[in-house]
Amino acid sequence: MSRIRREAVAQVREKARIEEVVAEHVTLRAAGVGSMKGLCPFHDERTPSFHVRPQLGLWHCFGCGEGGDVISFVQKVDHLPFAEAVERLAGKYNVALTYEEDGSGGPSRPREEPGRRQRLVEAHRVAAEFYAEQLMSPEAASARAFLAERAFDRGAASTFGVGYAPKGWDSLLRHLSGRGFTQAELAAAGLVSQGNRGHYDRFRGRLIWPIRDITGDVVGFGARKLYDDDPGPKYLNTPETPIYHKAQVLYGLDLAKKAITTQRQVVVVEGYTDVMACHLAGISTAVATCGTAFGPDHVRVVRRLLGDVATGANGIILSTGQAIGGEVIFTFDGDAAGQKAALRAFGEDQSFAAQTFVAISPGGLDPCEVRVEKGDGAVRELVRSRKPLFEFAIRSVLASVDLSTAEGRVAGLRAAAPVIATIRDRALRGEYARQLAGWLGMDPADVRWEVKNAPRLQQRREEHRGGGGGPVSERGPDGEPGPYDDAGGPQAPVRTPMPTEPIARLERQVLEATLQIPTAAAAAGFDDLDADAFDVPLHRAVHTAIVAAGGASAGSGAEAAWVRDIVDGVPTTVASFVRELSVAAIPQSESRLDSYVHGIVTQLQRMGLTRRISALKGQIRSKPPGDPGTSGLWSEVYALEEARHRLAAAD
């Protein structure tokens with residue numbers, strides 16, 4: 001079987017800028033000298049613990065313990081095997097890959113298999129161009145009329161890549177086959193289907209929207225029915241494929257991501273035309289789901305773009321205490337189905353640290369219809385008129401009861417209290433309890449009691465009706481998930497707790513500085529330290545690995561390659577710890593780095609000397625008085641004390 005040559009892999013690592021690759025999935029901010037951090041893309045968190053060290057080409061999450069280089073990041077974030085991750089990066093950074101037989105004796109794979117994802121993406125790119133060209137064909141008159149009726153001109157269609165799929169059974173198939181793509185590739189991409197008579201185009205006689213991932217690659221299509229004789233559904237999307245997962249993709253995200261990160265806002269609409277209408281009206285943060293409800297994977301994507309870091313009653317709060325007005329706005333049709341969708345989104349709100357709102361047009365219009373009937377300004381006003389999602393959920397529950405009667409108000413209290421009880425923010429929960437009392441005209445104390453006891457009361461009422469207690473939540477008392485991963489299995493991340501003892505903490509700081517700033521560490525005398533200078537066994541193992549790689553002096557000017565040599569030469573657990581140390585924030589400004597490194601290395605040297613002096617004096621005390629062997633020990637003690645005094649004087 002063929003494999004990528006090691007030198008080609010090394011070239012990919014060298015050319016691929018890890019901060020650029022990670023930034024496509026995570027909003028990164030400066031975190032000290034040469035370090036960046038953001039929310040981890042591999043587990044839910046509100047405080048950034050995901051660190052990137054561009055100079056070394058490494059990343060590490062101090063929350064879940066994951067870490068590695070740019071290739072391992074692409075492997076994990078895109079669920080790719082090693083070879084495909086390398087090939088994807090090679091394509092992005094124009095690195096020509098070379099292959100060799102791996103000596104396993106197995107059959108050689110087809111040349112396109114190692115780059116399968118690239119092939120599928122390329123097929124989608126060519127298909128998108130084909131569909132866009134067909135939009136101007138005589139057959140596509142109905143498609144152009146559909147767009148014109150919704151106030152989308154040719155420029156708008158071009159901006160969003162809108163196209164047309166011809167009615168013929170194999171128009172796209174023949175076009176892509178002529179470009180060298182096989183039927184097996186096109187079937188894997190979801191572009192063609194297979195029937196009794198062979199392969200045929202999946203999309204025929206439909207208006208087409210290309211669906212792009214966050215990097216701008218076309219990974220799927222959405223197709224709208226145009227003709228009455230089309231027996232298919234109104235909207236038909238690409239099926240699940242190796243590159244398209246509807247639960248993880250948001251239409252328009254490639255266009256909206258920059259605005260989302262700068263404006264700290266995302267507007268979630270229901271359809272492709274709604275996204276177009278919002279963007280053309282100046283709401284450049286609009287995105288839409290693709291044939292599925294807004295779910296947990298979408299939440300994670302949005303939170304990473306918002307840089308969501310901590311919950312606050314008035315927005316997002318950074319660890320520094322600085323407030324950021326991040327917000328998520330859901331827009332839905334004003335009909336019953338739209339309100340139901342909004343209430344379903346309420347269940348996801350607890351996953352956001354940002355403020356979450358709902359915007360529903362009083363006339364029951366979607367954003368596209370609002371733009372057609374009332375203009376761009378009305379679309380902007382629709383977004384401005386948003387209401388907090390909590391308020392909307394509570395008022396929607398109250399709308400189902402008659403508040404003019406005592407019985408109706410009690411029913412409203414019992415229906416709304418469980419909704420308020422789910423709000424995790426205690427201050428916000430209390431405020432909505434107070435507002436509910438006003439809406440119902442009830443004593444605030446009675447409402448607060450009902451909210452506080454809502455879970456227990458609701459279960460008792462269900463049991464009274466014979467409905468049983470309902471499913472038992474697997475969440476803890478604070479509503480946070482238990483220690484399980486997305487697949488339901490127990491999480492077992494490799495974590496190295498931060499040391500609290502002063503000596504262990506100093507040892508760790510010295511190793512962090514040495515791995516990140518080897519030139520300064522070498523100048524400070526790190527290479528003169530022996531293994532006994534480190535008391536923690538894991539720290540001693542890292543020191544041994546550094547020595548084996550040539551010491552700190554060997555890392556000067558070649559930090560990334562030097563750290564990779566260290567990682568490659570140690571067991572997995574030590575390698576993970578080395579990567580962790582390599583991306584940890586250095587608590588000093590750039591102007592004081594040299595003095596900081598010199599200070600901690602010198603301090604560790606003095607502590608090592610002190611430890612050796614104490615050990616020698618212990619040996620002396622264990623010998624009988626007048627033992628001739630003590631003179632040599634005392635000479636060694638004097639030499640060590642002199643060395644310690646020199647370090648103290650130089651510090």
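Trainee: What percentage of the 651 residues in the protein is buried?

Mentor: Keep in mind that this is a predicted model. Across the 651 residues of the protein, the buried share comes to 48%.

Trainee: Let's pick out some helices. Are α1 and α4 parallel or oblique to each other?

Mentor: Helix α1 covers residues 6–15 and helix α4 covers residues 82–92, and their axes come within 10 Å. They cross at roughly 55 degrees, in a left-handed sense. Roughly parallel would need an angle under 35 degrees, and α1 and α4 are therefore oblique.

Trainee: Which residues of α1 meet α4?

Mentor: On the α4 side, look at Phe82, Val86, Leu89 and Ala90. By class, this contact has six nonpolar residues, one charged and no polar. The α1 residues that meet α4 are Val9, Val12 and Arg13.

Trainee: How does α3 sit against α4: roughly parallel or roughly perpendicular?

Mentor: Helix α3 runs over residues 70–78, and its axis lies 9 Å from that of α4. The two pack at an angle of about 110 degrees. The range for this class is 65 to 115 degrees, so α3 is roughly perpendicular to α4.

Trainee: Which α4 residues make that contact with α3?

Mentor: From α3 come Val70, Ile71, Val74, Gln75 and Asp78. The contact of α3 with α4 counts seven nonpolar, one polar and two charged residues. The α4 residues are Phe82, Ala85, Val86, Arg88 and Leu89.

Trainee: Now α11. Which of its residues are buried?

Mentor: Helix α11 spans residues 272–280 and is mostly covered, with eight of its nine residues buried. Those are Tyr272, Thr273, Asp274, Val275, Met276, Ala277, Cys278 and His279.

Trainee: Which glycine takes a positive phi just after α11?

Mentor: Step just past the end of α11 and check the backbone there. The phi is about 100 degrees, and the residue is glycine 282.

Conventions
Residues are numbered from 1 along each chain as its sequence is written. This is a predicted model: local features need pLDDT of at least 70, side-chain atom pairs count only at pLDDT 80 or more; totals for chains, interfaces and linings use all residues. Side-chain values use heavy atoms; hydrogens and water are left out. Axes are lines fitted to C-alpha atoms, for helices over the stretch in contact, and angles run from 0 to 180 degrees between N-to-C directions. Helices (H or I, at least four residues) and strands (E, at least two) are DSSP runs, numbered from the N terminus. Angles under 35 degrees count as roughly parallel, over 145 as roughly antiparallel, 65 to 115 as roughly perpendicular and the rest as oblique. A crossing is left-handed if the near helix is turned anticlockwise from the far one by less than a right angle, and right-handed if clockwise. Contact means heavy atoms within 4.5 Å. Ala, Val, Leu, Ile, Met, Phe, Trp, Tyr, Cys and Pro count as nonpolar, Asp, Glu, Lys and Arg as charged, and the others, Gly among them, as polar. Buried means under 20% relative accessible area, exposed over 50%, partly exposed in between (1.4 Å probe, protein chains only).
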